Amino acid sequence: MEISWGDFEKVDMRVGTVMTVSDFPEARNPAYQLQIDFGDLGVKKTSAQITKRYDKKDLVGKQVIAVVNFPKKQIANFMSECLVLGVVGDDKDVILLQPNAHAKNGDRVG
């Protein structure tokens, strides 16, 4: 399905830095709870099913790409405020999308 350029421009993807990572035992599938600093947009919370590839300690300080303009979504007892982007393999192993050089938190991806 093709989308228009206008449709693409509606998706607000930003760079953020992972500040904290917590276990999320209430999630249906293994996941972490993340707090991500998006600069002027503030800190947003999300959950991510990235436990196969990433240890909590290795995620803190890592820059990621996330969609920040979805409505909040209830996941178990947690309210997700953004969607971290990644490549999903056949075995549901997620590889996070990241800038290959340091970027300013909140910078727009486009």
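A: The account below treats the salt bridges and the accessibility of their partners.

The model is predicted: local features need pLDDT of at least 70 and side-chain atom pairs count only at pLDDT 80 or more, whereas totals for chains, interfaces and linings use all residues. Residues are numbered from 1 along each chain as its sequence is written, and side-chain values use heavy atoms, with hydrogens and water left out.

A salt bridge is taken as a side-chain nitrogen of Lys or Arg within 4 Å of a carboxyl oxygen of Asp or Glu. By this rule there are seven salt bridges. One of them joins Asp12 to Arg14, with the closest N and O atoms 2.6 Å apart. Both of these residues are buried (under 20% relative accessible area; exposed means over 50% and partly exposed in between, with a 1.4 Å probe and protein chains only). Asp12 and Arg14 also belong, together with Arg108, to a network of salt bridges.

Another salt bridge pairs Asp93 with Arg53, at 2.8 Å from N to O. Asp93 lies in the loop between strand S8 (86–88) and strand S9 (94–96), and Arg53 in the loop between strand S3 (43–48) and helix H2 (56–59), so the pair ties together parts that are 40 residues apart in sequence. Helices (H or I, at least four residues) and strands (E, at least two) are DSSP runs, numbered from the N terminus. Asp93 is buried at 15% relative accessibility, while Arg53 is partly exposed at 43%.

Lys57 and Asp58 form a further salt bridge, their closest N and O atoms being 3.4 Å apart. Here Lys57 is exposed at 65% relative accessibility, and Asp58 is partly exposed at 41%.
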